[in-house]
Amino acid sequence: MSEIPEIDGLLGVAEYARLFDMIEAADRGARPCYTANGARFLRAPRVLTTPGHSAYVKISDGCDNRCTYCAIPLIRGGYASRPFDDIVDECRRLAEGGVTEITLIAQDTSRYGCDLGDGHYQLPELLEAVSAIEGVHWVRVLYCYPDSTDDRLLDAIQRLPKVAPYLDLPLQHIDDDLLKRMNRRGSAEWIKSRVAECHRRGIVLRTTMIVGFPGETDAQFETLLDFVKEARFDRLGAFTYSAEEGTAAAAMPDQVDEDVKRARLDQLMMLQQGISMEINAARVGSACEVLVDGFDAEVGRFYGRSLLEAPESDGCIWLTNKQDLTPGEYVNVRITAADAYDLEGEIID
Ligand code: SF4
């Protein structure tokens, strides 16, 4: 705080229960600093900011990967797994309070457990324990890193019926030279084999790509487009590279012009739009269970998601034939229409 005199008070991420104390103390001019000796995980009771039936649960904090474009390790520090029983207890309390959908998150979920016990990745065991909790109906996991998304994890996702057969696997690029400059682990060949394995197992894939990373040539961008055409991701988000203060990539030569980045982004997203449209259209006529999320007064319809749509990041399923639903209920739906982002369906039970 001595370095930034403008700060009135500091509150650690695990200390938000002391927010009002901090405001009062700051108001008295005390410049409070509540950081609980650097505690990384919240001990106070949870306040849900999501609908009451769905909750995100953080399983680790920080990151040991050093992607050259990313400032998160500088801000959050190294990887720290949250104790296994703490996570399961929190999920149990959430389920007792009416939450039926749990989404496990972290900067890097697939490495969970690397700093606990004998260091083996424990996400498969965690998925098993969370899905065994009474009242939990669906479990999701987001933000896996490709090289720790091993067969044990894929086996657990396939074996556990409450776990969404869905992987969010940010890949960022597929050109070996760029992957190296991004300091991403895993070669293009290895990444392609992982993607093929997920497809073989019927696991829905979401990924994220960066366009316009320093030094990205037209040819390397074409390689990315070819990969996206071939891999046919169910969902793909993309960003133009932006330099983050203090990162290695910010100081790299050959920064790409903003208008080139923008054009590449548009080209990639147009390509993906066509792929998503085809994939969604193939679902018309199929049936699925849908969790009702809410009612959109402007559209005049309820909407929800199946196991294959993650909250917030994916599209939704608009429900066309019922007006008397309750957010949080599960209904059986037949898909009747699709666009590149959303689906429509009617309740069949
Ligand atoms: S991009 Fe993700 S994996 Fe890479 S350093 Fe940042 S948080 Fe870690």
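**View 1. The ligand and the largest pocket of the predicted model.** In this predicted model, the ligand takes up the space that forms the largest pocket. The residues around the ligand are Cys63, Asn65, Cys67, Tyr69, Cys70, Ile72, Pro73, Gln107, Tyr145 and Arg184. Sorted by class, this shell around the ligand comprises 7 nonpolar residues, 2 polar residues and 1 charged residue.

**View 2. The packing of helices H3 and H4.** Helix H3, which covers residues 84-96, and helix H4, which covers residues 123-131, have axes that come within 10 Å and cross at roughly 30°. Because angles under 35 degrees count as roughly parallel, H3 is roughly parallel to H4. The crossing formed by H3 and H4 is right-handed.

**View 3. The packing of helices H4 and H5.** Helix H4 also packs with helix H5, which covers residues 151-159, at an angle of about 15° and with the two axes 8 Å apart. That angle makes H4 roughly parallel to H5. The handedness of the crossing of H4 and H5 is left-handed, whereas that of H3 and H4 is right-handed.

**View 4. The packing of helices H7 and H8.** Helix H7, made up of residues 188-200, and helix H8, made up of residues 218-231, pack at an angle of about 20°, and their axes lie 11 Å apart. With this angle, H7 is therefore roughly parallel to H8. Where H7 passes H8, the crossing is right-handed.

Technical notes
Residues are numbered from 1 along each chain as its sequence is written. This is a predicted model: local features need pLDDT of at least 70, side-chain atom pairs count only at pLDDT 80 or more; totals for chains, interfaces and linings use all residues. Side-chain values use heavy atoms; hydrogens and water are left out. A residue is near a molecule or strand if one of its heavy atoms lies within 4 Å of it. On a 1 Å grid over the protein atoms alone, a cavity is a set of points where a 1.4 Å probe fits but cannot get out, and a pocket is an open set with protein on both sides within 12 Å along at least five of seven lines; lining residues have an atom within 4 Å of a point. A molecule sits in a cavity or pocket if more than half of its atoms lie within 2 Å of its grid points. Ala, Val, Leu, Ile, Met, Phe, Trp, Tyr, Cys and Pro count as nonpolar, Asp, Glu, Lys and Arg as charged, and the others, Gly among them, as polar. Axes are lines fitted to C-alpha atoms, for helices over the stretch in contact, and angles run from 0 to 180 degrees between N-to-C directions. Helices (H or I, at least four residues) and strands (E, at least two) are DSSP runs, numbered from the N terminus. Angles under 35 degrees count as roughly parallel, over 145 as roughly antiparallel, 65 to 115 as roughly perpendicular and the rest as oblique. A crossing is left-handed if the near helix is turned anticlockwise from the far one by less than a right angle, and right-handed if clockwise.
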